Amino acid sequence: MLIHTYSSVWMIGGFSFILYMGHLYIWAPIVVIQIFMARELFSLLRRSNEERQLPGFRILNWHFFFTATLFTYGRFLTRQLSNTVTSDKLLCQLVSGLIKYQMFICYFLYIAGYTFILNSLVCMISC
């Protein structure tokens with residue numbers, strides 16, 4: 001019972017601290033949890049479909065996961081990131097450029113992923 005009480009106090013304290021820190025710190029654990037969930041799902045998928053050997057399939061899974069994450073969270077974090085990194089001029093210019101071209105970067109990453117899929121299928125068929 002004492003172990004459960006200690007762990008409950010630590011979890012409640014950690015949760016309260018994260019809420020106190022603000023939006024950006026609330027977002028970070030959610031993304032970390034999503035990454036671990038995706039890793040588990042990709043490993044289950046790999047175990048169930050080991051007979052199909054598509055070249056670069058695991059890399060493509062992660063590529064599309066991170067591209068979708070960038071697309072989804074990119075718009076929500078624009079204000080927080082631009083307000084956070086304003087102290088360094090070079091970093092501020094880099095982040096503002098990434099925010100400005102976020103949709104184009106996501107589109108390019110999706111197109112690059114689909115091109116890689118098509119190339120790997122053509123290579124698998126012709127080889």
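Residues are termed buried when their relative accessible area is under 20%, exposed when it is over 50%, and partly exposed in between (1.4 Å probe, protein chains only). The structure is a predicted model, in which local features need pLDDT of at least 70 and side-chain atom pairs count only at pLDDT 80 or more, while totals for chains, interfaces and linings use all residues. Residues are numbered from 1 along each chain as its sequence is written, and side-chain values use heavy atoms, with hydrogens and water left out.

The protein chain contains six helices and zero strands, where helices (H or I, at least four residues) and strands (E, at least two) are DSSP runs numbered from the N terminus. Along the sequence, the order of elements is α-α-α-α-α-α. Of the 127 residues in the protein chain, 16% are buried. The accessible surface of the protein chain amounts to about 10200 Å², and carbon and sulfur atoms account for 72% of this surface; such areas come from the Shrake-Rupley method with a 1.4 Å probe, and for residues only the protein chains shown count as cover. Contact denotes heavy atoms within 4.5 Å. Among contacts in the protein chain that join residues at least 6 apart in sequence, 70% link residues at least 24 apart.

A nonpolar patch on the surface is formed by Phe17, Tyr20, Met21 and Tyr25, which together have about 500 Å² of accessible area. Patches are made of residues with over 30% relative accessible area and no salt bridge, with like charges joined within 9 Å and nonpolar side chains (Val, Leu, Ile, Met, Phe, Trp, Tyr) within 5 Å. A salt bridge, in turn, is a side-chain nitrogen of Lys or Arg within 4 Å of a carboxyl oxygen of Asp or Glu. Helix 1 (residues 2–21) gives the most to this nonpolar patch, contributing three residues. Met21 belongs to helix 1 and is partly exposed, at a relative accessible area of 35%.

Helix 3 (residues 57–74) has 18 residues and should span 26 Å at 1.5 Å a residue, which agrees with the 25 Å between its end C-alpha atoms. The expected span of a helix is 1.5 Å times one less than its number of residues. The buried residues of helix 3 are Leu60, Asn61, Phe64, Phe65, Thr67, Thr69, Tyr73 and Gly74. Helix 6, with 25 residues, reaches 36 Å from its first C-alpha to its last, close to the 36 Å expected at 1.5 Å a residue. Within helix 6, Gln102, Cys106, Gly113 and Ser120 are buried, and the buried residues of this helix pack against helix 3 and helix 5.

Six aromatic pairs are present in the structure. Rings of Phe, Tyr and Trp (its six-membered ring) pair if their centres lie within 6.5 Å; planes under 30 degrees apart count as stacked, over 60 as edge-to-face and the rest as tilted. The pair of Phe42 and Trp62 is edge-to-face, because the ring centres are 5.0 Å apart and the planes stand at 90 degrees. This pair links distant parts of the chain, with Phe42 in helix 2 (residues 23–48) and Trp62 in helix 3, 20 residues apart. Trp62 is partly exposed, at 23% relative accessibility. The rings of Phe64 and Tyr114 form a tilted pair, since their centres are 5.2 Å apart and their planes lie at 45 degrees. With Phe64 in helix 3 and Tyr114 in helix 6 (residues 102–126), the pair ties together parts that are 50 residues apart in sequence. Phe64 counts as buried at 19% relative accessibility, whereas Tyr114 counts as partly exposed at 48%. One aromatic cluster is formed by Phe42, Trp62, Phe65 and Phe66.

Not counting residues up to four places away in sequence, Phe64 touches Tyr110, Gly113, Tyr114 and Ile117. The C-alpha atoms of Phe64 and Cys106 are separated by 10.0 Å, the two residues being 42 apart along the chain. Gln102, also found in helix 6, counts as buried because its relative accessibility is 5%. Leaving aside neighbours within four places in sequence, Gln102 is in contact with Leu70, Phe71, Gly74 and Arg75. Arg75 also has its C-alpha atom 7.9 Å from that of Ile99, 24 residues away along the chain. Ile99 lies in helix 5 (residues 89–100) and is partly exposed, with a relative accessible area of 21%.
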